[in-house]
Amino acid sequence: MQSSKEKLSNMASAAKQHVDIYKAKIDEKAEKATARTGEEKVIAHERAKAKEAKAKMELHEAKARHAAEKQTGKQSHLLGRQPVAAPPLVGAHQQGLNQPAAYPSYPQGGNYPINKHI
């Protein structure tokens, strides 16, 4: 599922693509109006098609970049964490003794958090 940031970025990229396509069409019309031969009109049309293809390519590149940013964003905040039930790496356990750590694991005090929706 898409994150809201990725979705908004994709929407902005799609809007930019539409603007680029409209610019290409306007440029094509202007070039066709000033063209003197049929070949110049064909060249103007081919340029417009190339600009539209470039706009579509940039949209797909932007979407891939947004998805990659989402993946790196998910992974970067998990790098320094330990699982919740794992004992912390301090005390006797870290010093190489075969004794458990001096600090209890979750839940502290032996009581589980209350879930009001049960």
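Does E28 count as buried or exposed, and at what relative accessibility? In this predicted model, E28 counts as buried, at 12% relative accessibility. The views below set this residue and its charged partners in the context of the whole chain.

**Figure 1. Overview of the protein chain, with two helices and zero strands.** The predicted model comprises 118 residues, of which 15% are buried. The accessible surface of the protein chain comes to about 9800 Å², and carbon and sulfur atoms contribute 58% of that surface. Among contacts with a separation of 6 or more, 52% join residues 24 or more positions apart. Seven salt bridges are present in the structure, and the following views present several of them.

**Figure 2. Close-up of the salt bridge between E28 and K32.** The side chains of E28 and K32 meet with an N to O distance of 3.3 Å. Both residues belong to helix α1, where they are four residues apart and therefore separated by about one helical turn. E28 is buried, because its relative accessibility of 12% falls under the 20% limit for that class. K32, at 34% relative accessibility, counts as partly exposed.

**Figure 3. Close-up of the salt bridge between D27 and K51.** The closest N and O atoms of D27 and K51 are 3.2 Å apart. D27 is partly exposed, with 33% relative accessibility. K51 is likewise partly exposed, its relative accessible area being 36%.

**Figure 4. Close-up of the salt bridge between K16 and D20.** In this pair, the closest N and O atoms are 3.3 Å apart. K16 and D20 both lie in helix α1 (residues 4-34), and their spacing of four residues corresponds to about one turn of the helix. K16 has a relative accessible area of 48% and is partly exposed.

**Figure 5. Close-up of the network formed by K16, D20 and E58.** The salt bridge between D20 and K16 is shown here together with E58, as the three residues are linked in a network of salt bridges. Within this group, K16 and D20 come from helix α1.

Terms used
Residues are numbered from 1 along each chain as its sequence is written. This is a predicted model: local features need pLDDT of at least 70, side-chain atom pairs count only at pLDDT 80 or more; totals for chains, interfaces and linings use all residues. Side-chain values use heavy atoms; hydrogens and water are left out. Buried means under 20% relative accessible area, exposed over 50%, partly exposed in between (1.4 Å probe, protein chains only). Contact means heavy atoms within 4.5 Å. Accessible areas come from the Shrake-Rupley method with a 1.4 Å probe; for residues, only the protein chains shown count as cover. A salt bridge is a side-chain nitrogen of Lys or Arg within 4 Å of a carboxyl oxygen of Asp or Glu.
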